[in-house]
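This briefing is meant for a reader who is meeting the structure for the first time. Please look over the sequence and the model before reading on.

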Amino acid sequence: MSEHEASEADRASDSVAAFAADLKALKQQHPKVSYEMMERHLRRRRIEVGRSTLNNAIKPNSLATERTVRAFVLALTDDEAAAARWVARRNRLAPPEKSENLAGHPPAPQRRAVSSNRLWQMATAVVVLVATNLATAVGVRSCGQDPVAEQTVRPTDSLPLVQTGADPGRTHCRFDAKVVAGNNAKPQMLLEILFSHTCDAAWARITRYDNAGLGNRLEVSIYRRSDPHGPTRQDAVEPDVDSAYTTLIVRVDPTDRLCATGAVATGAQVEHVSQEICT
């Protein structure tokens, strides 16, 4: 099959797991291309998709977004036509995401004709609103308060919404994240959990200190202690790097504890952290 395009009979039996498996097979056709190299290649094309997000695209239990699928294929093949075919196959498995616009242009708004009477009512309402706001501003200043703070647009307003599976590096969670748990009992590695109170979300990070990243890999996972192998578990496997992190897991219950584990692989030898860490 060219570019894993299925026949009509195959399409009827296609599934998310099969789609992810074919993406994985595409990656295996380029064994010398690491996820870090894919991320760098995308940046040169002005496409910001993190290595962890790319790695999660081959998970069999979740369907990657249109943007991630397109980026994954482009990072490996540099072929827009092939990327379009993969996206089309992806969209046959799930409805296109309303919030996603690969072309980068928002949809044109629907316009309705407005009667002259309605225009007069709207103009009157605007005048009243402006007058009310001016009076309010004067009252605020007279109380010694600073209205400018209310008007300041945060630099994070344009960032993606926070959700489980999001890349923390592309959200505002990174601005207030703190290390809340760590384990460096084995000196060749450091495992950490970073938590953002603003997002009420966390991710795990592992760092190796043996200078043996090239040709080897890192493994790191974060999960709910109450459901360690459930659908919200976030895993990352990164080859040829000295540090790797997972995607986000959002805490829905303040009492829910989040835990992490990881491993450093050198050749066929895999060294796991001595014990899991939890928030």
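Does Thr207 count as buried or exposed, and why? The model is a predicted one, and in it Thr207 has a relative accessibility of 15%, which is under the 20% limit, so this residue counts as buried. The points below turn to its surroundings, then to the nonpolar cores and the disulfides.

**Thr207 and its surroundings**

- Thr207 belongs to strand 3, which covers residues 201-208.
- When neighbours within four places in sequence are left aside, the residues in contact with Thr207 are Gln188, Met189, Leu190, Asp242 and Ser243.
- With Ser243 there is also a polar contact, made between the two side chains at 3.5 Å.

**Nonpolar cores**

- The largest nonpolar core has 23 residues, and those that touch the most other members are Leu23, Met38, Leu42, Leu54, Phe72, Val73 and Trp86.
- At least two residues of this core come from each of helix 2 (16-28), helix 3 (35-44), helix 5 (66-77) and helix 6 (80-93), and helix 5 gives the most, with seven residues.
- Met38, one of the core residues named above, touches Lys27, Val33, Leu54, Phe72, Ala75 and Leu76 when residues up to four places away in sequence are not counted.
- Another core, of 20 residues, lies apart from the largest one, and its members include Leu191, Phe195, Ile206 and Val241.

**Disulfides**

- The structure holds two disulfides, and when the bonded cysteines are numbered in sequence order the pairing is 1-2, 3-4.
- In the disulfide formed by Cys173 and Cys199, the sulfur atoms are 2.2 Å apart, and the torsion about the S-S bond is about -105°, so this disulfide is left-handed.
- Cys173 lies in the loop between helix 8 (148-151) and strand 1 (178-183), while Cys199 lies in the loop between strand 2 (189-196) and strand 3, so the pair ties together parts that are 26 residues apart in sequence.
- Cys173 and Cys199 are both buried.
- In the disulfide formed by Cys259 and Cys278, the sulfur atoms are 2.0 Å apart, and the torsion about the S-S bond is about 105°, so this disulfide is right-handed.
- This pair links distant parts of the chain, with Cys259 in strand 8 (residues 258-266) and Cys278 in strand 10 (residues 277-278), 19 residues apart.
- Cys259 and Cys278 are likewise buried.

Terms used
Residues numbered from 1 in each chain as written. Predicted model: local features only at pLDDT ≥ 70, side-chain atom pairs only at ≥ 80, totals over all residues. Heavy atoms only, no water. Helix = DSSP H or I, 4+ residues; strand = E, 2+ residues; numbered from the N terminus. Buried < 20%, exposed > 50% of the residue type's maximum accessible area, 1.4 Å probe, protein only. Polar contact = N/O pair within 3.5 Å; in protein donor to acceptor, adjacent residues only side chain to side chain. Contact = heavy atoms within 4.5 Å. Core = buried A, V, L, I, M, F, W, Y, C linked by side-chain atoms within 4.5 Å. Disulfide = S-S within 2.5 Å.
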